[in-house]
Amino acid sequence: MSAEGSSKARREGRAYPLGMSFRAAREAAAAVRRAECGRAVIDTLRPRGVSGLIRSRAPLPLLLYVAARDGRLVWRDAEAFAVLEPPRDSRLSGTPGGLLRHVDRRWDLVMFAGPPALLQVLALTTVPVGMVWGWSAWLLGAGVLCCLLALLYVALMMAGMLGTMIVRWIRNARRGADRWAAEEMRFLHWSMPLCHCADPATAPALLNQVTERLRGLVRAQVARAVGDVRARTETVEVDEPLLCLLDGATTTRMRAAIMVATRGAGAAGVTFLATGSGSDVRPPKITGLGSGLALYAFAVAVIMAAGADVLADFEQAECAPACDGRPATYGTAFRWLAWRLIGGNPPDLVPATFQAWVVGWLTTLHGVMAVLLFVVALWRSPEVNTERHRRFRKEMEPVLGTSTVLIMVATPEERQAVIEAVTGVTKAAPIRRNLDLHTAFELGVVSRARVLLAQTRPGSVDPGGATLTAKSLIDQLNPDYLLLTGICFGLREDRQRLGDILVCTQLRVMDHKKIAEYTPGEPVEIMRGDRVAPSVTLLDRCQSARLTQDGPKVHLGPMLSGNVLLNSPTIRARLIEAEPDGIGGEMEGLGVYAAAAREKVDWIVVKAICDWGMGKNDDWHEVAARNAAEFVLDVLGNGGLDQPPKRS
């Protein structure tokens, strides 16, 4: 790959090229190990498997190598990269990981079954080789030794698994399973178990690239699924939340950066980086009897396979050359052990050696234990799943109980005022999201509300105006709350001041009117526009946002909205005459209302006075925009918008 191509890949946050060398993977793994929290990251990325003795994932260099081949490695450079993992109950089809991916994801099974299986293969091949080369006695002893080593390996692994289970039970009883929810969530959602960024200044850009990569991977999955049924989709809006494992960050400063950029406060060591405002966190599924029972059954099968070989050797040595009715071959020995597994004896086979009967009774004991494990698991399964759901709700409540707030503005001054106000609290750099037709900015989390910002063109009716912009943003971002903020004109000079804040209790649409001449030469305007109230919740939160009147005063009342930039004393006087209780006017509210009402999104208009609708100038634009943005920040900071509204 050329230097220019590598630079472009870093800028776009693309995957490391599929030809990533294993040496580069080792160097990246070494950088993770050297990091401040390297040990915790490795424990997160490579947790212990069911046995508790072997890690469930491959060594770190192999893991990174496979992630690069699958397109799950978001690579800026050797000191800034992240790994994405699909849900554990899903499969990555159509990607070039191949055999290495299966080895990586089943490393504990490979290490548990691989050595005894290899020893069994060696044992079964030694006898034919010995017969050909005439070393039968020596190779027979080597075959028996391989079988015994296989049995010993499995026995040690099972003993270690039992001991680990006991230790885990004691530890959980003493400390509580505070990280249980994190493991549950990895089965349900895409996750980021590794995020390495040596320079905290580049963390927001890396997280933005991670989000874009996740969208690409999910879209690829959708495209494959759609292609399988010979269908076609034009656009796919990804709402899959990315589970961020805080222990997967290699430095404490990187963890802080993740917390700033993510959807809500971390709980149980996790938080979520939402790819779309409709990102919903799924509860744990009702699971079966667990992989522990399956692993026990596999271990019993390995013991029977190795035991049959040993048993046949003992019997053949005792009864040769006449071994009719004895389990003296591998097939007959395995069949006899299969009967012993259920506590019976085949009528045509009777072993003669003490060693054979010992192996048989041990096999029966394993069968009894398997039945007991199955019965206990079946009996405990409903209770365990109920407890899992209860613990999930308790541990994940701080993360799940978050909302998405979309703030809309119409001018660059208004946009800058909101960015400065919100990021002054979140300490996060704005992250640009290039949506279809529009751009949104991720500003971080205030209290437990994720804040998005978007700018419309002034007015409501042109293609880039508030009506179509709000509709497009609602469709793509699915916000819980929509606040229109910025500057407006005031109508009550006697009790208002420039810079004061206006909160609409009713929005009156001024564009829809009837003009008739009942008397020739004297046209009469009859208003037919909607008179609508904003969200009850948002109006209540604005009413209680400030308990004192320090700073700019807050006025609540009806606001007028029309697609006209007013700079006329005559027309202003007509508005006051027609709407004597109106407190101010602006241009985008009617568009926001129309789009939000259609999609049942809570909305409100909060703006500050920059002029009086006549004699316009820009002197108060910046101050008014800042006052309105700071008031909206107060509403967010009070925690009143932390919970999404309940919709029927």
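Author: Arg-546 counts as partly exposed because its relative accessibility is 21%, where partly exposed denotes the range between buried (under 20% relative accessible area) and exposed (over 50%), computed with a 1.4 Å probe on protein chains only. The model is a predicted one, in which local features need pLDDT of at least 70 and side-chain atom pairs count only at pLDDT 80 or more, while totals for chains, interfaces and linings use all residues. Residues are numbered from 1 along each chain as its sequence is written, and side-chain values use heavy atoms, with hydrogens and water left out.

Since Asp-634 belongs to helix α19 (residues 621–637) and Arg-546 to the loop between α16 (536–543) and β15 (554–561), the pair ties together parts 88 residues apart in sequence. Helices (H or I, at least four residues) and strands (E, at least two) are DSSP runs numbered from the N terminus.

Elsewhere, salt bridges with shared partners join Arg-57, Asp-70, Arg-72, Glu-85 and Asp-104 into one network. Within it, Arg-57 pairs with Glu-85, their closest N and O atoms being 3.1 Å apart. Glu-85 sits in strand β2 (residues 80–85) and Arg-57 in the loop between α3 (38–45) and α4 (60–70), so this bridge ties together parts that are 28 residues apart in sequence. Arg-57 also forms a salt bridge with Asp-104, the closest N and O atoms being 2.6 Å apart. That pair links distant parts of the chain, for Asp-104 lies in helix α5 (residues 98–105), 47 residues from Arg-57.

Arg-57 counts as buried because its relative accessibility is 8%. Glu-85 is buried at 2%, and Asp-104 is buried at 0%. In general, side chains of opposite charge can pair when their charged atoms come close.

The protein chain has 648 residues, of which 49% count as buried, and its secondary structure comprises 19 helices and 17 strands.

Technical notes. Salt bridge = Lys/Arg side-chain N within 4 Å of Asp/Glu carboxyl O.
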